[in-house]
Amino acid sequence: MEEQLSLLAPATARRQAFETAPQQIAILANQRVRDQVASLIQTLKEMEDKPDAFAGLQTAWVAGDVGWIEREALTPMRQESPRLYETLVVQRNRRWVAQIERLLKGEGSEGRERRIVVVVGVGHLVGPESVPLLLKRRGFTVEGP
């Protein structure tokens with residue numbers, strides 16, 4: 001998906017990652033073993049109980065069914081591994097929103113509207129601590145969920 005979006009962007013578009021691959025690995029590796037195991041068990045259970053879950057997630061996303069996404073993708077993580085949810089979703093969203101705010105208020109933007117495109121996983125776009133909602137709380141206009 002990132003590669004497809006990158007091909008569609010103008011050659012002059014600035015690209016920037018919120019996290020590096022080593023940072024993402026560290027986020028997972030630095031979790032308590034108990035939380036890592038709970039996440040693994042939840043993932044394996046979902047694979048067994050709901051083999052079509054990813055297809056369902058894609059269908060919900062295309063249909064704009066953010067309620068389904070939150071109920072089927074985020075709520076189970078929040079219930080099974082609240083600490084992992086806080087680290088993987090909420091804390092990252094807060095860091096990213098701070099970075100997005102800096103981009104939006106960046107140099108040369110005085111007196112004119114700045115637009116940026118942010119690409120994140122669907123789990124970061126819904127819920128009470130979602131990137132769009134956190135940006136709205138900071139006074140930004142957000143199109144989308």
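What follows is a working chat about a predicted model, covering a pocket, some salt bridges and a surface patch.

Me: Let's start with the second largest pocket. How much space lies in there?

Reply: About 210 Å³, going by the predicted model.

Me: And which residues line the second largest pocket?

Reply: The lining is made of A38, I41, Q42, K45, E46, D49, K50, P76, Q79 and E80. Two elements give two or more residues each: α3 (33-49) and α5 (66-80).

Me: Which element gives the largest share of that lining?

Reply: That's α3, with 6 residues.

Me: OK, on to salt bridges. How many does the structure hold?

Reply: There are 12. As a general point, side chains of opposite charge can pair when their charged atoms come close.

Me: D49 is one of the lining residues. What does the D49 side chain meet in a salt bridge?

Reply: K45, at 3.5 Å from N to O. K45 is also among the residues lining the second largest pocket. Both D49 and K45 sit in helix α3, 4 residues apart, which is about one turn of the helix.

Me: Where do those two fall on accessibility, starting with D49: buried, partly exposed or exposed?

Reply: D49 is partly exposed, because its relative accessibility is 47%. K45 has a relative accessible area of 53%, so K45 counts as exposed. The cut-off for exposed is over 50%.

Me: K50 is in the lining too. Which side chain does K50 meet in a salt bridge?

Reply: E72, with 3.1 Å between N and O. This pair links distant parts of the chain: K50 is in the loop between α3 and α4 (53-63), E72 is in helix α5, and they are 22 residues apart.

Me: How accessible are K50 and E72?

Reply: K50 has a relative accessible area of 40%, so K50 is partly exposed. E72 is partly exposed as well, at 28%.

Me: What about E70, which side chain does that one meet?

Reply: The E70 side chain meets R78 in a salt bridge, at 3.3 Å from N to O. E70 counts as partly exposed because its relative accessibility is 23%. For R78 the value is 26%, so R78 is partly exposed.

Me: Switching topic: which residues form the nonpolar patch on the surface?

Reply: L5, L8, V117 and V119. Together they have about 420 Å² of accessible area.

Me: Where does V119 lie, and what's its relative accessibility?

Reply: V119 is in the loop between α6 (82-104) and α7 (131-137). The relative accessibility of V119 is 44%, so V119 counts as partly exposed.

Me: Last one, R102. Where is it, and is it buried or exposed?

Reply: R102 is in helix α6. With a relative accessible area of 57%, R102 is exposed.

How values were computed: Residues numbered from 1 in each chain as written. Predicted model: local features only at pLDDT ≥ 70, side-chain atom pairs only at ≥ 80, totals over all residues. Heavy atoms only, no water. Patch = residues over 30% accessible without salt bridge, like charges linked within 9 Å, V, L, I, M, F, W, Y side chains within 5 Å. Areas by Shrake-Rupley, 256 points an atom, 1.4 Å probe, with all protein chains shown as cover. Salt bridge = Lys/Arg side-chain N within 4 Å of Asp/Glu carboxyl O. Buried < 20%, exposed > 50% of the residue type's maximum accessible area, 1.4 Å probe, protein only. 1 Å grid on protein atoms, 1.4 Å probe; cavity = no way out; pocket = protein on both sides within 12 Å on 5 of 7 lines; lining within 4 Å. Points joined across faces, edges and corners; volume = space filled by probe spheres on them.
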